[in-house]
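Please read them alongside the coordinates.

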Amino acid sequence: MGGSRKFKGKPCVYCMEGISSTADHVFPREIFEIADRDNIPKVPACERCNNEKSQLEHYLLSVLPFGGVHRNAEKSLSVDAARRLSRNNKLKSHLRNGMSYGLISRERDKRERRLRIPIDFDKLHLFSEFVCRGLLWHHWKCHVPKEYSVKAFTPSPTGLEFLQSLFNMSTAYRVSSNLGEDTVRYKGSMSEVDQCLSVWALQFLGGITVSDEKQSFVFEHSAVAVLVGPKRLVEDDQLLK
């Protein structure tokens with residue numbers, strides 16, 4: 001990822017321990033068509049965090065296109081993801097072995113047969129946590145305090161209600177963005193009195209359809225939710241159910 005002088009020599013926005021050696025694109029350039037790459041947020045990043053995030057990006061750019069519904073979904077899967085998988089036989093084999101067809105519940109008791117593939121949600125969530133640290137700095141120049149936690153999760157229907165209540169909080173610090181015509185959409189709200197205390201929703205490739213293993217809930221056009229705040233609050237699993 002390209003560097004820039006104005007981003008070098010600053011605290012890394014991801015770990016706050018290393019010193020930035022480059023500018024990191026908060027969202028990977030490769031997820032966008034070339035014409036849509038000019039306005040991707042960039043932040044200062046150290047080499048270690050840049051490398052760790054790049055590994056997550058390679059995995060997600062190979063897997064998420066299977067469920068993409070954005071404008072360039074067909075090319076994203078048949079050209080871009082296919083090219084990446086051709087260079088990663090281990091991941092290609094893992095996805096092939098995990099593929100299956102299943103009936104997805106729809107409204108009014110209808111069920112639809114769809115291709116299912118396994119996805120490592122831990123990697124998706126960890127990447128999303130990187131992203132929100134970057135967005136806090138990009139929009140409001142906030143570094144997440146060490147005593148704060150950043151927690152990403154894919155919400156259930158109950159979790160969606162909880163998130164909506166957080167987005168309804170009164171604050172002047174709000175942001176909503178659509179990059180690459182639904183390739184990436186995100187919104188965030190930050191407290192006016194507690195810097196970095198914030199809630200985010202990230203939607204990739206138009207929002208894939210996700211479900212738990214038993215399909216007890218199905219989330220179409222899904223988004224990853226991220227909470228940033230004091231550990232006692234953010235790490236309370238009861239809030240995420």
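Does Thr-183 count as buried or exposed?

1. The model is a predicted one. In it, Thr-183 has 1% relative accessibility and therefore counts as buried, the cut-off for that class being under 20%.

2. Thr-183 sits in the loop that links strand S6 (173-179) to strand S7 (184-190). Its side chain comes to 2.7 Å from the backbone oxygen of Gly-180. Beyond its neighbours within four places in sequence, Thr-183 contacts Ile-31, Phe-32, His-70, Gln-203, Phe-204, Leu-205 and Gly-206.

3. Phe-204, one of those contacts of Thr-183, belongs to the largest nonpolar core, which has 54 residues. Phe-204 is listed there among the residues with the most contacts inside the core, together with Tyr-14, Phe-27, Leu-136, Tyr-186, Trp-200 and Val-226. Helix H4 (residues 121-140) gives the most to this core, contributing 9 residues. Apart from this core lies another of 8 residues, including Phe-153, Leu-163, Ala-201 and Val-234.

4. Not counting residues up to four places away in sequence, Phe-204 touches Phe-27, Leu-64, Leu-124, Phe-127, Ser-128, Thr-183, Val-184 and Val-224. In soluble globular proteins, nonpolar side chains tend to be buried together.

5. Leu-115 lies in strand S4 (residues 111-116). Leu-115 counts as partly exposed because its relative accessibility is 42%, and that class falls between the 20% and 50% limits.

Key. Residues are numbered from 1 along each chain as its sequence is written. This is a predicted model: local features need pLDDT of at least 70, side-chain atom pairs count only at pLDDT 80 or more; totals for chains, interfaces and linings use all residues. Side-chain values use heavy atoms; hydrogens and water are left out. Helices (H or I, at least four residues) and strands (E, at least two) are DSSP runs, numbered from the N terminus. Buried means under 20% relative accessible area, exposed over 50%, partly exposed in between (1.4 Å probe, protein chains only). A nonpolar core is a set of buried Ala, Val, Leu, Ile, Met, Phe, Trp, Tyr and Cys residues joined through side-chain atoms within 4.5 Å. Contact means heavy atoms within 4.5 Å. A polar contact is a pair of N or O atoms within 3.5 Å; within protein, one must be able to donate a hydrogen and the other to accept it, and residues adjacent in sequence count only if both atoms are side-chain atoms.
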